[in-house]
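Dear colleague,

I am passing on to you the structure that I have been looking through, and I would be glad if you could read these notes beside it. The sequence and the model come first, and my notes come after them.

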Amino acid sequence: MNLKSDTLRRIDEVIPHYPNKRSASLPLLHLVQEDHGYIPDEAIEWIAAKLGLQPINIYELVTFYPMFRRKPIGRRHIKVCRTLSCALMGGYKTCAEFQKQFDCELGETSADGEATIEFVECLASCGTAPVVMIDEELHQKVDAARARELSARIKAEGLKTKG
């Protein structure tokens, strides 16, 4: 498993905090996803070996919890809130606009690799719905027009990094 040295250090620090090594499974999955952006098959086997478990014990966690990704995501991760306040204020239209702008389906990555779009549960800003989180930055009151603006900005940034 090819992990950054800081990630390996953090993994070695986390495991002893648990009297049963198995209990470190979720923290290790989070650390690997933070490092790689997703959980590759080799990581499942590596974590299992590290904790003295069978790979199925880790695989069942990865497939149960929706926050774990099994494949790489785009350069930018667009998360649109779908809970009640955001839905009532146009979150579904906002999400549809992002899909249109990047020509991709929910949970998929655009062909140019720029964006992965997901519907997520509450982003904890109900009073400023609809809300969108792009990577770790929260955007409030994102209607379709604002979604087009944000999409254009992401595409422009992508061109700068490629050029």
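The notes below go from the whole chain to single residues.

Please keep in mind that this is a predicted model, in which local features need pLDDT of at least 70 and side-chain atom pairs count only at pLDDT 80 or more, while totals for chains, interfaces and linings use all residues. Residues are numbered from 1 along each chain as its sequence is written, and side-chain values use heavy atoms, with hydrogens and water left out.

The chain holds seven helices and four strands, where helices (H or I, at least four residues) and strands (E, at least two) are DSSP runs numbered from the N terminus. Followed along the sequence, these elements come in the pattern α-α-α-α-β-α-α-β-β-β-α. Taken along the principal axes, the box filled by the C-alpha atoms is roughly 50 × 40 × 25 Å. Of the 163 residues, 42% count as buried, a word used here for under 20% relative accessible area, with exposed for over 50% and partly exposed for what lies in between (1.4 Å probe, protein chains only). If one takes the contacts (heavy atoms within 4.5 Å) between residues at least 6 apart in sequence, 61% of them join residues at least 24 apart.

As for the surface, the chain exposes about 9200 Å², of which carbon and sulfur atoms supply 53%; accessible areas come from the Shrake-Rupley method with a 1.4 Å probe, and for residues only the protein chains shown count as cover. There are 22 positive and 23 negative side chains, and the centres of these two sets lie 3 Å apart, with Lys and Arg counted as positive, Asp and Glu as negative, and His and the chain ends not counted. The place of each charge is taken as NZ of Lys, CZ of Arg, CG of Asp or CD of Glu.

Apart from neighbours within four places in sequence, Gln99 is in contact with Cys104, Glu105, Leu106 and Ile117.

Leu84, by contrast, belongs to helix α5 (residues 84–88) and has a relative accessibility of 62%, so Leu84 counts as exposed. Tyr65 sits in the loop between α4 (55–64) and β1 (76–81), and at 27% relative accessibility Tyr65 counts as partly exposed. The C-alpha atoms of Tyr65 and Gly127 are separated by 27 Å, the two residues being 62 apart along the chain.

Some points of backbone geometry also deserve a look. Most residues other than glycine have a negative phi, and most peptide bonds are trans. Asp103, which is found in the loop between α6 and β2, has a positive phi near 50° without being a glycine, and Asp103 is exposed, with a relative accessible area of 70%. Lys141, in the loop between β4 (137–139) and α7 (144–162), likewise is not a glycine and has a positive phi of about 50°; Lys141 is exposed as well, its relative accessible area being 57%. The peptide bond from Ala129 to Pro130 is cis, with omega near -10°, and Pro130 lies in the loop between β2 (115–120) and β3 (132–134).
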